[in-house]
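Biologist: Before we discuss terms, could you put the model on the screen, so that each label can be set against its definition?

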Amino acid sequence: MSKILVLNNAKIISIKKIINNGFLVIKDNLIFQINEGKYNYEFQDAQVIDCHNQTIIPGFIDLHVHGGYGYSLMDGTIESINNFAKLVPKEGVTKFCYATVTASKKEIDNVLSVFAKYMKTENKGNKARIIGAYLEGPFISELQKGAHTPSLLHVPDLNLVKSWNIISNKNLKFIVYAPEIDPNLNNKNSNFISSLIKNNIIPSVGHSNATFKEITKTVEYGLTHITHLYNAMSPYNHRDPGVVPASLYYDQLVTELICDGIHVDIDILAITYKIKGADGIFMITDAMSAKGQPDGKYLLGPLPVIKSNNKVTVEATGKLAGSIATMIAGFKNLLKITNNNWQDCIKMASYNSAKQVGIANKTGDIVIGKLADIIVLTKNNDIFLTICEGKIAYQQE
């Protein structure tokens, strides 16, 4: 295959510019040219794809996903991780953080060990690339446990974090925790958040029953990230404010949003966008293995769940358990709530996530010199083509 790929006859949308008809040249794995007008066949050996005036935007970055299409990080195999990475580009994902669920230390040890091997030898080729591991649990509140197993929950433990970071070959990117259960919360120098930041791990508050004042303290320590806003956290209560109003109040806090219209109502998505603005939100899926699978019984970690009517619930309680959201479906909802502000939607689906994990200089936007992480959308905003670091990972039949 040619080392030069040309996407011709397309609308090209980046954060700062819209080209209504142009072409994009990819050389090796980078964006080499972005031009208006028709391609002049400058490169004789190039592979040229006619996009039929469809829309090119940056590839989606899902910072919080547990799996899909029958696969999960908790499967603990290279094959499972590889299969998910090959399938997820069909929803426009070019990069993602793979998330665990609360499990025993032995199981998490094994999962992170396999993950480290994958990151070292397999994180390449024509599939979505993994940015790092997202540890969701066990350092969370039993009062806001969601679909996590209560008997396996644990107070924040820096020795465990150190062990897991070593096992993962320093591929831990995020750790979710509930600050109110941190025994060192009031210690400015040795609280959980400060310690994670010193070790280049992003702390995120989630599955937490914290008060507004406790979140204020975490912001003072450097917190910048909130896990799946509105879900599994102390709510907006005008007499007893918790995580939700604090997340909306502090500009420093960038919030994950599941944009499926189930975990967060579409009108609440619109309100959140109005308050936080595009710079304060990144869309995630929080999807689990049942995504893309038939209705039926599945496992979320060790917990039996049921997929039915576009949602997944805990078999024993009927409560929501993860999601079966896709990034492209969420992107369509973002277009609705922003009145088709494409550039704001690109921020929330791509650029903000790249910025949060420190790779915005490499990806998350369509800019010459950045990685060719690109999707082409049809006139109906379905996925026509997904390119991961210059390689075609999915193409609509």
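Modeller: Two strands are said to pair if DSSP finds at least two bridges between them, and strands (E, at least two residues) and helices (H or I, at least four) are DSSP runs numbered from the N terminus. Residues are numbered from 1 along each chain as its sequence is written. This is a predicted model, in which local features need pLDDT of at least 70 and side-chain atom pairs count only at pLDDT 80 or more, while totals for chains, interfaces and linings use all residues, and side-chain values use heavy atoms, with hydrogens and water left out.

Biologist: What makes strand β4 and strand β18 a pair?

Modeller: Strand β4 (residues 47-58) and strand β18 (residues 374-377) are joined over 4 bridges in the antiparallel sense, and the definition asks for at least two, so they pair. In β18, Ile 374 is the bridge partner of Pro 58.

Biologist: Why do β3 and β20 count as edges of the sheet?

Modeller: The open sheet has 7 strands in the order β3-β2-β1-β4-β18-β19-β20, with mixed pairing. Because β3 (30-36) and β20 (391-395) each have a single partner strand, one side of each is left without a neighbour in the sheet. Neighbouring strands of this sheet are turned against each other by 35 degrees on average, direction ignored.

Biologist: Which strands does helix α9 lie across, and at what angle to β4 does it run?

Modeller: Helix α9 (residues 342-356) lies across β1 (4-13), β2 (18-27), β4 and β18, and runs at about 90 degrees to β4; axes are lines fitted to C-alpha atoms, for helices over the stretch in contact (heavy atoms within 4.5 Å), and angles run from 0 to 180 degrees between N-to-C directions.

Biologist: Why is Cys 345 called buried?

Modeller: Buried means under 20% relative accessible area, with exposed over 50% and partly exposed in between (1.4 Å probe, protein chains only); Cys 345 is at 0%, and therefore counts as buried, and Cys 388, also at 0%, counts as buried too.
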